[in-house]
Amino acid sequence: MKKQSSIMVWLMLAAVCAGLLPDMAETVIETLTGDSLSGVLSFAVSFVTGCLGLVFFLQAVSLRFGKRTDGTEQKPDKIFCLLGCFPCLLVYLIVWYLCDHALPVLAVGYVVMKVLFTVIIVVAIVVLLVLSGLGFFCWMNSALPVPQAHPIRRYFSRIFLGIPMAVLLWAALLVPAAGLYLLQQISGEPAILLRHLVLLAGTVVMAVLLYAAMALTEKMMGKVSEEGAAASASGVSVTGRRYLPRLVMAVLCAGLFFSQNMAQITENESALLDAWLQNALIEYNIYLVSLDVGGAAAIAEEAVEQMDSALLSAEEAEQETEQDAKALKKAERNTEKIEEICEKYDIFRTDGQALAYWEQYKKYGGADTDLVEEALLLAEENPDSYQVQYVAAMIASSLTYVGAKHYDQTAEVILRCGELYESEMNPSETEWITFAKGMAQMLLDVYHEEEAADLLEELADTYGDDVELIELLAQSYERGDRAEEAYALAVEYCADHDDSPYLMYCAAVSALKQGETYASLSYTSMLASYTAACEGDDLNNCDAWLFELLEYLTLNDNAKYTGFQYDVYDDLTDEENALIDENPFFRNYLDGVYLAYNSDHLDEPEDAFDLMTEVLSENPALASAWYVCGIIASNTDDDTYTESAVVYYQRAGELNDQIPAVWYAMAKEYDRLGEYEAGIEACQKALALLPEEDHGNDWYGINIHCSNLLDKLQAAVE
């Protein structure tokens with residue numbers, strides 16, 4: 001009796017460490033510091049208390065199993081016992097890890113078929129119990145002074161015996177949490193003292209269940225040992241009785257049946273609604289996971305319909321019982337209960353609708369004006385929902401066109417989304433920087449450069465080595481008529497780094513805006529050298545930035561559209577020409593672009609082609625250089641060259657299919673050649689890259705010209 005009492009003392013200590021001590025320690029620390037614990041510190045507290053609980057539990061195991069088979073007392077080797085616990089701990093770690101990754105599987109199960117979801121849950125429960133029983137059995141066997149020889153082979157013949165033992169173990173672990181959950185459901189947020197009393201009561205139950213699991217394990221191990229000895233003597237295999245697993249499965253199936261059908265059995269509308277919501281994967285995290293399998297919006301829509309139906313039925317029930325005071329009071333309570341549940345799951349009217357918009361956006365590969373207006377209206381009506389703000393920001397910032405009226409409202413939603421993310425998600429520094437850069441890019445998409453700059457300036461002083469952050473800030477300055485600041489920022493970074501072609505471009509174009517031609521040529525030359533040696537994913541961006549600078553230097557379009565088109569080529573000084581000559585690749589590319597855009601020189605295009613041949617010999621993957629060859633061929637009067645223009649454009653399109661000007665130029669050549677259907681296809685590709693008229697991203701009005709050409713080609717085909 002004394003031994004049993006001492007075992008319960010150690011089990012109580014283990015249970016307190018696992019159930020009560022973590023919450024109490026966190027409460028004390030939060031009270032002393034006046035702030036909530038971070039995720040890392042909270043995990044550390046739980047880990048330390050869990051280790052203490054494990055030590056106390058090992059002591060209880062030592063007392064329980066500390067005897068030889070002949071009855072003499074001897075404690076087991078604690079080191080051996082500690083090592084033996086690793087199979088059990090490994091099972092639990094695997095289970096917890098798979099729980100996170102099982103969410104998509106469960107979501108798929110529900111979306112495809114509710115029966116499949118039920119089957120997955122049943123199988124998961126059985127597998128979890130069997131694995132838990134096996135791990136605990138291995139641990140207990142390792143704790144024996146004289147461990148059984150080959151116990152696992154005989155254990156597998158009666159593996160179902162581990163299921164009730166595992167049920168006790170899981171129940172023990174979940175009792176404190178379950179008690180706290182019930183308390184919260186009854187009284188809302190409980191007082192600290194009441195919460196700790198409930199946890200303390202849970203630890204007592206936990207200790208009793210742990211003791212029962214140990215006792216059951218001892219009996220099972222003894223039974224396995226006896227049956228193994230008997231089997232060895234008789235030469236027959238041990239199969240064991242089958243009523244226990246059948247009983248366990250019957251209990252599981254009955255529990256699942258009643259949990260899912262209790263509402264229908266009792267004909268209680270509020271129970272029906274609550275049960276349906278709980279059994280339909282509507283816990284928030286699982287619900288969001290179903291977005292990846294395309295079912296989140298459908299689940300939300302069904303949930304809203306169910307809530308509306310339940311509310312309507314409850315209101316009708318009230319009207320039908322107006323003459324019966326007792327029945328009316330009961331109906332009113334029922335309506336209040338339904339309203340509480342609907343309020344609890346109001347997320348399906350907000351986040352669910354946002355996800356429906358998001359699925360529509362993904363389905364059609366973009367947004368139209370109606371979708372943007374609906375998303376922004378939902379965001380205005382639900383300013384406290386981070387999910388709604390994020391979806392609205394993503395959708396609205398993707399639609400840009402001349403005269404758009406949603407830019408200011410979209411910027412407000414983006415900034416509100418950032419505030420909610422920072423306050424609700426408690427992001428780490430790395431997470432916040434990544435998110436802030438995404439918000440800044442969306443602000444730039446809707447032409448709110450000042451807001452983007454304000455957001456990034458707060459981070460730039462601390463994270464000045466984050467090249468993406470500096471690039472976005474420089475872009476905010478450059479596009480926001482703050483050329484001096486953009487130039488200073490780009491120059492400062494480029495002085496110490498050579499890994500940002502965009503900042504080279506930014507320094508060049510900002511200098512050009514300020515009339516600093518020599519400085520602009522210096523950074524253009526730097527970008528040219530980078531581009532000549534570039535390959536892989538960065539090449540197309542470098543090529544586009546360099547070609548844009550070459551156009552600025554050689555082509556004077558119409559400044560009323562772009563705000564700053566410069567043609568400085570004819571006015572270059574000897575010093576500036578000498579700077580260009582130092583970089584042959586830059587020299588050849590600049591002269592080639594100049595000749596391509598000046599028809600006076602194309603009566604004899606050989607010189608221009610020779611220059612572009614030299615450029616392409618340095619880097620044959622430059623799509624813009626092939627495009628320039630096409631321009632040269634198109635602008636000649638020699639059929640020998642003009643017939644090859646479309647070939648040059650096709651080569652440019654193969655290297656980079658994201659340049660609208662290439663497809664538009666190709667369409668014009670097809671029109672000249674009479675290949676109207678091919679021209680229509682090229683026009684459609686160009687318009688797909690510029691779906692709306694937007695001079696912010698379409699300085700030369702390709703959308704307008706291409707739309708007119710498309711109408712002409714379609715008329716020719718008809």
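Which residues does Ile395 touch, not counting residues up to four places away in sequence? The first legend gives the reply.

**View 1. Ile395 in the largest nonpolar core of the predicted model.** Ile395 touches Tyr357, Trp358, Tyr361, Ala367, Leu371, Val372 and Ala375, leaving aside residues up to four places away in sequence; contact means heavy atoms within 4.5 Å. The largest nonpolar core has 131 residues, and those with the most contacts inside it are Ile395, Tyr589 and Tyr627. A nonpolar core is a set of buried Ala, Val, Leu, Ile, Met, Phe, Trp, Tyr and Cys residues joined through side-chain atoms within 4.5 Å. A second, separate core of 13 residues includes Leu63, Ala172, Ala207 and Met214. Buried denotes under 20% relative accessible area, exposed over 50%, and partly exposed in between (1.4 Å probe, protein chains only). Of the 718 residues of the chain, 45% count as buried.

This is a predicted model, in which local features need pLDDT of at least 70 and side-chain atom pairs count only at pLDDT 80 or more, while totals for chains, interfaces and linings use all residues. Residues are numbered from 1 along each chain as its sequence is written, and side-chain values use heavy atoms, with hydrogens and water left out.

**View 2. Aromatic pairing of Tyr386 with Phe435.** Rings of Phe, Tyr and Trp (its six-membered ring) pair if their centres lie within 6.5 Å; planes under 30 degrees apart count as stacked, over 60 as edge-to-face and the rest as tilted. The whole structure contains 19 aromatic pairs. The pair of Tyr386 and Phe435 is tilted, at 6.2 Å centre to centre and 45° between the planes. Tyr386 lies in helix α17 (residues 386–397) and Phe435 in helix α19 (residues 429–445), so the pair ties together parts that are 49 residues apart in sequence. Helices (H or I, at least four residues) and strands (E, at least two) are DSSP runs, numbered from the N terminus. Both Tyr386 and Phe435 are buried. One aromatic cluster is formed by Tyr386, Tyr390, Tyr421, Trp432 and Phe435.

**View 3. The aromatic pair of Tyr487 and Tyr523.** The ring centres of Tyr487 and Tyr523 are 6.3 Å apart and the planes stand at 90°, so the pair is edge-to-face. Distant parts of the chain are linked here: Tyr487 belongs to helix α22 (residues 483–496) and Tyr523 to helix α24 (residues 517–532), 36 residues apart. Tyr487 is partly exposed, with a relative accessible area of 23%, whereas Tyr523 is buried at 12%.

**View 4. Salt bridges of Lys437 with Asp466 and Glu468.** A salt bridge is a side-chain nitrogen of Lys or Arg within 4 Å of a carboxyl oxygen of Asp or Glu. The structure holds 15 salt bridges. The side chains of Asp466 and Lys437 meet at 3.2 Å, N to O. Asp466 lies in the loop between α20 (449–460) and α21 (467–479) and Lys437 in helix α19, so this pair ties together parts that are 29 residues apart in sequence. Lys437 counts as buried at 10% relative accessibility. Lys437 also forms a salt bridge with Glu468, the closest N and O atoms being 3.2 Å apart. That pair links Lys437 in helix α19 to Glu468 in helix α21, 31 residues apart. Glu468 counts as partly exposed at 42% relative accessibility.
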